[in-house]
Amino acid sequence: MIVSMLYEDDYITVANNVQSLIWWGGTHKLLTVKQDGTVWSYDRTAKYKGEQLPGLSNVSRMVYAPNLDELYAQLQDGSWATYDNGKLTPLSAPALSQVTLTASSKEANIGDTITLTVQENYSNGFKNKRAPLPEELVVEQPQVAQIQAGGKLKVTGMGTTKVTLKIGDLASSLQLNVDSQQKLTGATLLEGNVYLPVQSVFKTLGAKIDVKGSSFEIQFGDDRITLQKGSAVARLNNKEMKLKGKVQTIGGQTVFPADLLRQAAGIQVRWDAELKQAKVLVGNSSILVESKDTLALIKKKELGNLARFIGKSYWINSDTSLGQRFSKVTISDIKIEKIKYGDRSYSIPV
């Protein structure tokens with residue numbers, strides 16, 4: 001019904017059995033969809049004379065897009081079509097055709113926060129950038145990075161992991177490499193086997209450690225490792241695993257046979273005999289674990305031929321004005337100072 005609030009006329013009955021209606025843009029026509037699925041036009045300038053629109057049946061509603069000046073019909077089966085002068089053209093909604101996952105950086109250090117972005121490409125050429133939802137992401141090595149809200153990754157451990165975005169049947173992946181600026185200490189070579197400190201190594205790898213007396217409960221990604229001091233047997237997900245030596249205390253730290261990492265996670269460990277240090281290879285990254293002798297060996301290597309003077313004694317004449325007076329000087333150390341362009345200077349502390 002049409003009621004004029006201006007002239008207080010009686011209402012005008014326009015149509016019956018109407019389930020939806022819209023104004024057709026600036027045409028002064030009222031479009032009604034009747035319960036039988038037909039569409040009728042009522043022109044206000046012609047006292048709302050009714051006229052059925054040809055080519056429209058089984059319609060549930062009409063929609064007018066003023067910015068495009070187009071008229072759309074939603075049919076009773078849920079499909080859409082464009083209507084123009086009695087002709088219906090099926091309308092296909094834009095479909096998501098491609099997704100691409102990008103990161104603010106693919107190289108990170110432990111403690112960094114990485115921002116992820118997904119670009120969506122649609123079939124009609126439209127592109128959209130947004131932050132991925134946590135449920136759309138999968139981190140292959142969860143000990144390396146944790147998914148946060150807002151499309152963020154919190155870097156928690158050393159290593160290399162694949163991060164995958166999944167939206168329906170579409171997917172996109174990237175690789176994240178994580179290094180650590182910190183060198184660890186406590187590596188030992190004992191009876192031909194490399195030993196590494198439990199706490200610092202597993203924490204650097206992103207594991208969570210729960211110490212219960214003399215045992216260590218280690219949550220390493222999806223795996224659970226149990227170590228016991230004095231035992232050469234570990235448990236990996238409730239399955240016994242024989243070690244190449246006992247878990248023990250050396251130099252004030254609890255250490256474990258490094259071959260455990262190979263058995264549990266495929267992580268290789270190499271021993272540098274020259275500098276007496278271990279190198280833990282994790283994906284494209286590595287961790288250096290020094291022994292108690294490493295720093296001295298590194299310095300000796302940097303000194304080169306000068307190292308032979310350390311420990312030697314010399315008699316020097318420090319004051320010739322008082323005659324021949326010699327003092328004994330023993331070289332206990334040679335300091336190295338790095339200057340410009342990679343050059344170095346050496347000095348003997350007095």
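Strand β7, residues 80-84, pairs with β8 in the antiparallel sense over 5 bridges. The model is predicted. This briefing covers the sheet around these strands, then the aromatic pairs, then the charges over rings.

**Sheet**
- β7 and β8 belong to an open sheet of 4 strands, ordered β5-β6-β7-β8 with antiparallel pairing.
- The edge strands, each pairing on one side only, are β5 (59-65) and β8 (87-91).
- On average, neighbouring strands of this sheet are turned by 30° against each other, direction ignored.
- K87 in β8 is the bridge partner of D84.

**Aromatic pairs**
- The count of aromatic pairs comes to 3.
- One of them is the tilted pair of Y122 and F126, with 5.8 Å centre to centre and 50° between the planes.
- Y122 is partly exposed, at a relative accessible area of 24%, and F126 is also partly exposed, at 47%.
- F202 and F220 form an edge-to-face pair, with 6.1 Å centre to centre and 80° between the planes.
- F202 lies in helix α1 (residues 198-204) and F220 in strand β22 (residues 215-220), so their pair ties together parts that are 18 residues apart in sequence.
- F202 and F220 are both buried.
- Ring pairs link F202, F220 and F256 into a cluster.

**Charges over rings**
- K34 lies over the face of W40, at 4.7 Å from the ring centre.
- R44 lies over the face of W23, at 5.7 Å from the ring centre.

Conventions:
Residues numbered from 1 in each chain as written. Predicted model: local features only at pLDDT ≥ 70, side-chain atom pairs only at ≥ 80, totals over all residues. Heavy atoms only, no water. Pairing = 2+ DSSP bridges. Helix = DSSP H or I, 4+ residues; strand = E, 2+ residues; numbered from the N terminus. Axes fitted to C-alpha atoms, helices over the stretch in contact; angles between N-to-C directions. Phe/Tyr/Trp six-rings, centres within 6.5 Å; stacked < 30°, edge-to-face > 60°. Buried < 20%, exposed > 50% of the residue type's maximum accessible area, 1.4 Å probe, protein only. Lys NZ or Arg CZ within 6 Å of the ring centre and 35° of its normal.
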